[in-house]
Amino acid sequence: HHHRYPLFYRRLKIVFYCHPRHPFTYKQFTIGPYCESKTFRAVSSTTAFSFVSLFNKLIKMGFFKNPISAQQNEDGSYDPSPFTLLVGTSKTTGYVQQEYDVKYTGTKPILVVCTDESLLEMENKKKFSTGNHPVEMYLPLLHFRDAGFAFDIATQNGGAVKLEMWAFPSNDENVKKLHEDMKAMLEKPKKLGDISSLDGYSAIFIPGGHGAIINLPSSVELGKLLHMAHDQGLPTVTLCHGPAALLSTCTEGLDKAFAYDGYDIMCFTDKTDGMTPWVGYLPGHMPWKVQEVLEAKGVKVLNKSEKGDVKQDRELITGDSHNAANNLGKFAAPILVKYAVEHKL
């Protein structure tokens, strides 16, 4: 059984020690950290596997949470599994304030386009509790703030910004303070349809998180703004699943060609999205494949995995995942300053 789910049993610390002279006799195994750590001895593999079978039955009976199953909430939506929360999130970030020789001193804020949708229906109809990933949102914003920029928040319907709070770095004082400082804007953002021009903005930033693929790719209003930014060469920054929003430039009802045909970008890969349901990050497979659709429109996705890489191609600056949030902020901030200074924004 442990061969079928090696990641689960390794992380759960159920470890089988095989006797070198008796390969079918398991000497001992331990269990933790999801329950009190104990050591048991088994005289045979049958006894050992009987215990594992019992443990699985206890999970089904509700005595323990299955660490590799997405966890259902009271409203029927699903959060990531305990295992993926353990290995895929952190209570702190790698943010360190940067010093800039030249800072932005103008008055035009960055337009931050967020999602006001929090439920992503998967292929199996289960709903993933999502939104914008807080690290992917706040880490770049911290670096942009350090470079002198202010922010304006907008969502498709003017609804409150939805965040994946299960990924919030609760022990990071810098992120916590910025979250509190922006709370009023997050609760009452602008409506994308009410923004008719980018003349009042210095850049566009679209944070990632699976919530970015719900209503932003089909937003005619966002598509119009991104075409304006594309035509002006206005810096446009996004990461992880945020590049899905670029599809709004050719969405139904806009009658325009995709603005980023031929661009090189970083984004979250379909390969990784396809793997995450097996460890319970997602409660089912994706309803559509972001990388595949972007590439069909002419984009070249450079990354094969998520290592924190970033890329600039003309006005578009992208990162591959939440691992890139810090790198993206540090990389993009001086580019945004340079653009603003050169264009007297």
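The sulfur of Cys267 lies 8.3 Å from the closest cysteine sulfur, that of Cys240, which is too far for a bond. A disulfide is taken as a pair of cysteine sulfur atoms within 2.5 Å, and by this rule the count comes to 0 disulfides. Cys240 is accordingly in no disulfide. Cys267 is buried, with a relative accessible area of 0%, and Cys240 also counts as buried, at 5% relative accessibility. Buried here means under 20% relative accessible area, exposed over 50%, and partly exposed in between, with a 1.4 Å probe and protein chains only.

The structure is a predicted model, in which local features need pLDDT of at least 70 and side-chain atom pairs count only at pLDDT 80 or more, while totals for chains, interfaces and linings use all residues. Residues are numbered from 1 along each chain as its sequence is written, and side-chain values use heavy atoms, with hydrogens and water left out.

A search of the whole structure finds 8 aromatic pairs. Rings of Phe, Tyr and Trp (its six-membered ring) pair if their centres lie within 6.5 Å; planes under 30 degrees apart count as stacked, over 60 as edge-to-face and the rest as tilted. The Phe128 and Tyr281 rings, with centres 5.9 Å apart and planes at 50°, therefore form a tilted pair. Phe128 belongs to strand β9 (residues 127–129) and Tyr281 to the loop between α8 (270–275) and α9, so this pair ties together parts that are 153 residues apart in sequence. Helices (H or I, at least four residues) and strands (E, at least two) are DSSP runs, numbered from the N terminus. Both Phe128 and Tyr281 are buried. The rings of Phe144 and Phe205 have centres 5.7 Å apart and planes at 90°, so that pair is edge-to-face. Ring pairs also link Phe128, Trp166 and Tyr281 into a cluster.

The largest nonpolar core has 40 residues, and those with the most contacts inside it include Leu111, Ile265 and Leu294. Such a core is a set of buried Ala, Val, Leu, Ile, Met, Phe, Trp, Tyr and Cys residues joined through side-chain atoms within 4.5 Å. At least two residues of this core come from each of β7 (110–113), β12 (203–206), α7 (220–232) and α9 (290–296). Helix α7 gives the most, with 4 residues. A second, separate core of 38 residues includes Ile110, Leu142, Val175 and Leu336. Beyond its neighbours within four places in sequence, Ile265 is in contact (heavy atoms within 4.5 Å) with residues including Pro243, Leu294, Val299 and Thr318.
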